[in-house]
Amino acid sequence: MPTDFVKWIEIHSRPGMHWYGKRLSGTDTLATGYHQAGPPVPKQLLSTVFPTLNILEERNPDTRFDLYIDSHDDHRQVRAVWYNNKLHPGSRDEARITGLGGTASALLDPESTGALAIFVFSEATPDRKPECHVWVCRNVPEENLMEDRIGPIDPSVTFQFISA
């Protein structure tokens, strides 16, 4: 995969790609020691890409998929899970990506707290499973490049858009 952010954006700007981005918080990374380390992802997005997660009767449905952190040359088989305990005895109702490998992952590295992370999910095709490519911005120019395209991203706000 390219290590140039502009080329990465071009490669992933095609039909069938679902983009999501956020500034990584201390609870997304391992900065706070929060036990559910890993970024939350909108349930609507994950259930579009992984329809098997949208099973109301099942407690905490999950699936495994390939995640590539292209900005840091990292590939892992990770878990997408919808913690739907609110529908069962419990209080949680959130979707997350877990199994990222601890601080070795740029998504969990405490030094990444505050960085802009862009997630691009591909839709399944008859010959390919969905996967996700991620870019964790490594510097201010990369963040500015993305924010010039989509507008400023406040740490307390996430964005989601579909690229056509």
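Ring pairs join Phe5, Trp8, Trp19 and Trp135 into a cluster. Rings of Phe, Tyr and Trp (its six-membered ring) pair if their centres lie within 6.5 Å; planes under 30 degrees apart are stacked, over 60 edge-to-face, and the rest tilted. The model is predicted: local features need pLDDT of at least 70, side-chain atom pairs count only at pLDDT 80 or more, and totals for chains, interfaces and linings use all residues. Residues are numbered from 1 along each chain as its sequence is written, and side-chain values use heavy atoms, with hydrogens and water left out.

By the ring rule, the count is 8 aromatic pairs. In one of them, the rings of Trp8 and Trp135 have centres 5.6 Å apart and planes at 50°, so this pair is tilted. Trp8 belongs to helix H1 and Trp135 to strand S6, so the pair ties together parts that are 127 residues apart in sequence. Helices (H or I, at least four residues) and strands (E, at least two) are DSSP runs, numbered from the N terminus. Trp8 is buried, with a relative accessible area of 0%. Trp135 is also buried, at 0%. Buried means under 20% relative accessible area, exposed over 50%, and partly exposed in between (1.4 Å probe, protein chains only).

The rings of Phe50 and Phe65 have centres 4.8 Å apart and planes at 40°, so they too form a tilted pair. This pair links distant parts of the chain, 15 residues apart: Phe50 sits in the loop between helix H2 (43–49) and S2, and Phe65 in strand S2. Phe50 is buried, with a relative accessible area of 5%. Phe65 counts as buried at 3%.

Strand S6 (residues 131–136) is largely enclosed by the rest of the structure, because 6 of its 6 residues are buried. Glu131, His133 and Trp135 point one way from S6, while Cys132, Val134 and Val136 point the other way. S6 pairs with strand S2 (residues 62–69) in the parallel sense, over 4 bridges. Here two strands pair if DSSP finds at least two bridges between them. Asp66 stands opposite Glu131 in S6. S6 also pairs with strand S5 (residues 116–122), in the antiparallel sense and over 5 bridges. Phe121 stands opposite Cys132.

In helix H3 (residues 140–150), the buried residues are Glu142, Glu143, Met146 and Glu147. Seen down the helix axis, they fall within an arc of 125°, so they line one face of H3. The arc is that of the directions from the helix axis to the C-beta atoms. The face turned away from this buried side carries the exposed residues Val140, Pro141, Asp148 and Arg149. The cover over the buried residues of H3 includes helix H1 (5–12), strand S1 (17–23), S5 and S6. Asn139 caps the N-terminal end of H3, with a side-chain oxygen 2.9 Å from the backbone nitrogen of Glu142. Just after H3, Gly151 takes a positive phi of about 100°.

The chain as a whole has 3 helices and 7 strands. From the N terminus on, its elements run α-β-α-β-β-β-β-β-α-β. Buried residues make up 48% of the 164 residues. Among contacts (heavy atoms within 4.5 Å) between residues at least 6 apart in sequence, 62% join residues at least 24 apart. Along its principal axes, the C-alpha trace spans about 45 × 40 × 25 Å.

Definitions and conventions: A polar contact is a pair of N or O atoms within 3.5 Å; within protein, one must be able to donate a hydrogen and the other to accept it, and residues adjacent in sequence count only if both atoms are side-chain atoms.
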